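Trainee: I've got the model open and I'd like to talk it through with you. Can we go piece by piece?

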Amino acid sequence: MDWGMSNRLSRMIKPKTGRSVMLAADHGYFMGPTRRLENPRKMLEPLLPYADTVAVTRGILRTSIDPRWDTPILLRVSGGASILKEDLSDEEITTSMKEAVRLNVSAVAISIFVGTNHEKQSLINLSKLVNEGEENGMPVMAITAVGKELEKRDAKYLSLSCRLAAEIGAHVVKTYYCENFRKVADGTPVPLVVAGGPKLDTELDVFNLVYNALQEGAVGVDMGRNIWQNDNPVAMIKAIRSIVHEKATVKEAQDVFLENKGKSAEKATIHGA
Ligand code: R5P
């Protein structure tokens with residue numbers, strides 16, 4: 001792997017553990033001001049010190065993240081549909097590779113929609129992005145989107161989508177956790193991270209999801225709503241970090257959550273200044 005590509009990837013997936021806690025905050029690109037992410041700067045600042053990467057669009061990056069932060073950026077570069085449309089799969093590449101390089105991001109992210117009306121379009125978008133990524137030393141994350149069809153989150157569908165993404169050349173794949181996730185991981189020869197999906201009922205449900213995904217082959221999470229829609233988002237991300245990087249059990253993660261719950265977030269500082 002080219003040095004630049006390898007360096008960027010190792011900023012996100014930490015070499016010490018081979019794992020990553022990515023904070024997803026790119027929902028606005030089709031969902032608008034998602035609950036609790038209405039003011040991205042306010043929500044993200046206390047969380048950034050605990051994120052190995054933050055996923056945003058260029059608009060939120062420029063308006064809401066101080067360029068002096070050193071948290072690696074995963075730049076969402078696909079879009080073109082909104083939540084008002086029945087079919088969310090009609091996406092194009094919205095942000096150029098030149099812009100991604102100018103913004104000094106660590107990777108770009110694009111959704112693919114396997115089995116939809118725009119399957120071919122989304123797969124060709126991914127292949128173009130990988131071609132440009134290879135030229136520029138920029139890792140590409142493929143996201144196996146399911147649009148509004150959440151029931152598609154099963155091993156048969158996700159293993160197909162993830163494998164297609166890897167075959168086209170995605171360097172990292174984001175998918176959903178599902179029953180028999182091991183089958184998805186075994187068929188995907190690049191690092192896999194899992195999204196959280198809509199907010200789960202309890203913190204324990206989230207910790208179980210993270211723990212099981214890691215046991216079954218994921219290298220980490222790229223999670224949003226189950227962190228920032230929780231009443232204690234900093235406690236949540238700390239607990240998730242303990243599972244991802246410190247091999248904590250679900251019970252130990254729950255203890256980390258309870259220890260940090262209700263504490264006011266420490267004032268986030270740039271480069272510890
Ligand atoms: C959708 O907007 C994005 O791909 C999200 O980054 C992804 O769904 C992860 O966020 P969440 O954990 O909220 O599902």
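Predicted model: local features only at pLDDT ≥ 70, side-chain atom pairs only at ≥ 80, totals over all residues.

Trainee: What is the phi of Lys247 near?

Mentor: Most residues other than glycine have a negative phi. Lys247 isn't a glycine, yet its phi is positive, near 60°.

Trainee: Which loop holds Asn180, and is Asn180 buried or exposed?

Mentor: Asn180 has a positive phi too, about 60°, although it is not a glycine. For its place, look between β8 (172-176) and α8 (181-186), where the loop with Asn180 is found. Asn180 has 12 C-beta neighbours inside 10 Å, so the label for Asn180 is exposed.

Trainee: On to the helices. How are α9 and α11 oriented to each other?

Mentor: Two packed helices are described by the angle between their axes and the distance between the axes. Here α9 (residues 203-215) and α11 (residues 233-246) have axes that come within 10 Å and cross at roughly 25°. Angles under 35 degrees count as roughly parallel. That's why α9 and α11 are called roughly parallel.

Trainee: And how do the residues of the contact of α9 with α11 divide by class?

Mentor: On the α9 side you have Glu203, Phe207, Val210, Tyr211 and Leu214, and they meet Met236, Ala239, Ile240, Ile243 and Val244 of α11. By class, the contact of α9 with α11 comes out as 9 nonpolar, no polar and 1 charged.

Trainee: Which residues in α12 does α9 meet?

Mentor: Start from α9, where the residues in this contact are Glu203, Leu204, Phe207, Asn208 and Tyr211. The contact of α9 with α12 has 6 nonpolar, 2 polar and 1 charged residues.

Trainee: At what angle do α6 and α7 pack?

Mentor: Helix α6 covers residues 119-136 and helix α7 covers residues 155-168, with their axes 9 Å apart. Leu123, Leu126, Ser127 and Val130 of α6 meet Leu164, Ala165 and Ile168 of α7. That contact splits into 6 nonpolar, 1 polar and no charged residues. The packing angle of α6 and α7 is about 35°.

Trainee: Is Ile112 buried or exposed?

Mentor: Ile112 sits in strand β6 (residues 107-112). Beyond four places in sequence, Ile112 touches residues including Leu123, Leu126 and Ala165. The cut-off for buried is 20 or more other C-beta atoms within 10 Å. With 27 of them around Ile112, the answer is buried.

Trainee: How far apart in space are Tyr50 and Ile240, C-alpha to C-alpha?

Mentor: Tyr50 is in the loop between α3 and β2 (53-56). Leaving aside neighbours within four places in sequence, Tyr50 is in contact with Ile237, Lys238 and Arg241. Tyr50 and Ile240 are 190 residues apart in sequence, while the C-alpha separation is 9.8 Å.

Trainee: What separates the C-alpha atoms of Gly32 and Ser82?

Mentor: Gly32 is in the loop between α2 (28-31) and α3 (40-44). With 12 C-beta neighbours inside 10 Å, Gly32 counts as exposed. Gly32 and Ser82 are 50 residues apart along the chain, and their C-alpha atoms are separated by 8.1 Å.

Trainee: Last one: which residues come nearest to the ligand?

Mentor: The shell around the ligand divides into 5 nonpolar, 5 polar and 3 charged residues. Both β10 (220-223) and α10 (225-228) supply at least two residues of that shell. Of the 13 residues around the ligand, the nearest are Ala24, Ala195, Gly196, Gly224 and Arg225.

Technical notes. Residues numbered from 1 in each chain as written. Axes fitted to C-alpha atoms, helices over the stretch in contact; angles between N-to-C directions. Helix = DSSP H or I, 4+ residues; strand = E, 2+ residues; numbered from the N terminus. Parallel < 35°, antiparallel > 145°, perpendicular 65-115°, else oblique. Contact = placed C-beta atoms within 7 Å. Nonpolar A, V, L, I, M, F, W, Y, C, P; charged D, E, K, R; others polar. Near = placed C-beta within 6 Å.
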